[in-house]
Amino acid sequence: MPGIEKLPIEETLEDSPQTRSLLRVFEEDTAAVSSYCTQLYQAMQRIYDAQNELSAATHLTSRLLKEYDKQRFPLGGDDEVMSSTLQQFAKVIDELSSCHAVLSTQLADAMMFPITQFKERDLKEILTLKEVFQISSHDHDVAINRYSRLSKKRDNDKVRAEAVEDVYTSRKKQHQTMMHYFCSLNTLQYKKKMALLEPLLGYMQAQISFFKLGSENLTQQWEDFLATIGTSFQNVRQEMEEEVRQMQETIQDMERSCDLLYAPYEPDPNHSPVCRNLTQKQGYLYIRNKTGLVSSTWERQYFFTQGGNLMQQGRGEVAGSLVTDLDNSSVMAVDCDDRRFCFQVTSFDGKKMVTLQSESRKDCEEWIATINNISRRIYLSENAEELAARVNQSALEAVTPSPSFQQRHESLRPGRVARAGSISSVGSEPSPALSVLSLDALVAPGTPIQFDIISPVSEENSGQNKTIAPSGRCVRSNPFGESRDDAEDNEDSILHQLFIVRFLGCMEVKTIESADVISETMRQILAARAIHNIFRMTESHLLVTCDCLKLIDPQTQVTRLRFPLSTVHQSSSHQDNKRLFGFVLQSGAAQGDNRAVCYIFESNNEGEKICDSIGLAKQIAFHSEMVRALGLHILKIKADL
């Protein structure tokens with residue numbers, strides 16, 4: 001016999017659209033089987049009725065033949081030959097009538113009874129389970145909608161407890177009903193084969209018994225064939241009984257193991273910790289849809305990640321539709337006035353924002369971690385989960401003091417615990433220079449971190465319309481913290497290289513000489529972002545010329561920040577993550593201000609290339625200055641001569 005298609009009972013609790021789509025296929029198959037069996041039942045009923053009519057007609061014929069002698073025909077006389085002949089026919093037909101009566105009984109037992117049982121019991125049972133399942137599914141939707149609408153401010157413990165109890169009861173009822181419904185549909189795949197084979201087998205056996213007086217060869221031939229069918233029938237029955245036993249055991253195990261999953265409250269984190277290594281996830285979420293300028297509605301959809309995309313799918317839909325592209329996107333938990341456990345996904349260009357609500361805090365954190373992993377394009381690597389684990393371990397170590405750093409810090413400052421901001425980067429060892437320096441020699445404790453680009457001009461002289469930039473050029477400030485040079489840079493500069501970068505943060509540093517000051521600043525800024533759950537970054541264009549470094553707004557082409565090349569003392573990229581780079585700037589040296597600031601950026605795997613470009617610009621600027629000085633010296637010599 002060919003393989004039997006089955007519904008996965010293990011996926012009934014998840015109740016995904018794929019499972020519902022597969023369920024619809026089984027329901028369509030059940031409807032087709034029901035329609036076909038109804039027609040087959042009607043045909044067999046006609047055979048049975050015809051056989052009963054034939055048996056009754058044969059018996060009537062035999063009785064009429066026996067009563068021939070009692071008839072008084074006006075023109076006929078006593079015909080003993082005719083009477084004797086008819087009596088012989090009556091005897092034979094009477095025996096034949098008895099055979100037809102036996103055949104009718106056999107057809108009733110072996111043909112009509114199995115197909116009637118299948119039609120009236122099995123198919124009606126599935127229809128009843130379908131109605132119960134639809135009712136329980138609707139009750140669960142109503143309960144989960146009521147639970148999700150609980151206000152974070154206005155509800156009380158009694159209302160929340162009632163909502164949780166309703167969700168628990170309805171979800172448990174739906175799960176149990178769905179498992180039994182799946183079991184019945186799976187069993188139907190076996191029974192429909194028997195529903196066709198068993199009545200036909202009974203019909204043929206009854207006919208063979210009826211025609212036993214016929215040809216022995218024909219009888220033997222049919223008996224061998226029916227023996228084969230009977231063996232296959234028994235095998236299907238045994239397989240069905242074994243499968244039913246296994247499904248019943250699975251249902252019992254699922255009912256025991258899934259009891260804690262019926263309630264929507266957060267599980268014990270010790271038994272069900274948050275998994276932050278996921279690169280794909282699926283499940284039901286609520287999405288906020290704007291219906292007006294200030295009004296919005298929430299719709300429950302099935303969401304899943306596919307590659308670098310976030311997809312959604314309704315229960316009645318065959319395939320999912322795109323919600324947003326997750327590559328280089330940002331995600332963060334948000335507070336909604338009317339909902340709990342919400343988070344917001346922002347596209348890489350910042351033009352599209354999607355607000356979603358999960359069922360619990362654990363689910364919310366797992367969705368945020370998954371989208372973060374996809375945003376970093378971890379899913380494209382060969383061992384995505386392993387790489388995600390390493391990245392999340394990096395985040396964990398980013399908020400945990402490094403033992404080696406802490407020991408050196410404590411050895412230099414006895415009795416004082418190293419500050420939590422002193423963090424080592426994952427996968428890189430501290431350089432030997434740090435063995436004689438404390439962490440506070442690089443970055444002062446409690447130094448504030450700036451996470452967004454704010455023009456230094458607007459910070460220092462917010463009340464003035466014009467200020468003098470560090471290069472001595474006149475800069476006009478605007479209310480948005482952006483600046484535009486009055487005079488453009490020389491267009492004939494030897495070097496013009498443009499890079500797409502994202503600003504991570506900047507902070508003041510205590511030294512510009514140490515080669516580790518940039519890596520230490522990276523550690524502190526990344527740790528602060530992880531601690532404060534800051535994921536959004538400002539994207540800019542970094543223009544590297546022989547005169548300066550410019551951060552340009554990609555939309556308005558306004559220069560946000562301008563760094564004269566002479567103030568850039570060093571630049572380097574992260575040892576392991578080539579997307580991270582930074583440079584140290586001593587902006588106010590000409591005015592007697594020796595403050596140094598370290599700026600950290602993220603690029604598209606071009607950190608080393610950008611640092612090399614900055615180094616090349618400084619070399620070109622240095623050689624140009626040397627050539628200019630040499631030319632002036634030659635002119636002076638000529639003038640003296």
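## Confidence along the chain

In this predicted model, strand β3 (residues 309-313) has the highest mean pLDDT among the elements of the protein chain, at 92, whereas strand β9 (residues 466-468) has the lowest, at 36. Over residues 456-490 the pLDDT is below 50, although this stretch has 65 contacts in the model beyond near neighbours in sequence. The pLDDT is also below 50 over residues 398-437, a stretch with 69 contacts in the model, again beyond near neighbours in sequence. For the protein chain, the mean pLDDT is 77, and 78% of its residues reach 70 or more.

## Aromatic pairs

The count of aromatic pairs comes to ten. One of them joins Tyr 302 and Phe 304, whose ring centres are 6.5 Å apart and whose planes stand at 40 degrees, so the pair is classed as tilted. Tyr 302 is buried, with a relative accessible area of 2%, and Phe 304 is buried as well, with a relative accessible area of 12%.

Phe 583 and Tyr 599 form a stacked pair, with 5.9 Å from centre to centre and 25 degrees between the planes. Because Phe 583 lies in strand β17 (residues 580-585) and Tyr 599 in strand β18 (residues 596-603), this pair ties together parts that are 16 residues apart in sequence. Both Phe 583 and Tyr 599 are buried, and they belong to one aromatic cluster that also holds Phe 503, Phe 563, Phe 581 and Phe 601.

## Charges over rings

The charged end of Arg 300 sits over the ring of Tyr 284, at 4.2 Å from its centre, while that of Arg 339 sits over the ring of Tyr 286, at 5.0 Å from its centre.

Key
Residues numbered from 1 in each chain as written. Predicted model: local features only at pLDDT ≥ 70, side-chain atom pairs only at ≥ 80, totals over all residues. Heavy atoms only, no water. pLDDT = per-residue confidence, 0-100. Helix = DSSP H or I, 4+ residues; strand = E, 2+ residues; numbered from the N terminus. Contact = heavy atoms within 4.5 Å. Phe/Tyr/Trp six-rings, centres within 6.5 Å; stacked < 30°, edge-to-face > 60°. Buried < 20%, exposed > 50% of the residue type's maximum accessible area, 1.4 Å probe, protein only. Lys NZ or Arg CZ within 6 Å of the ring centre and 35° of its normal.
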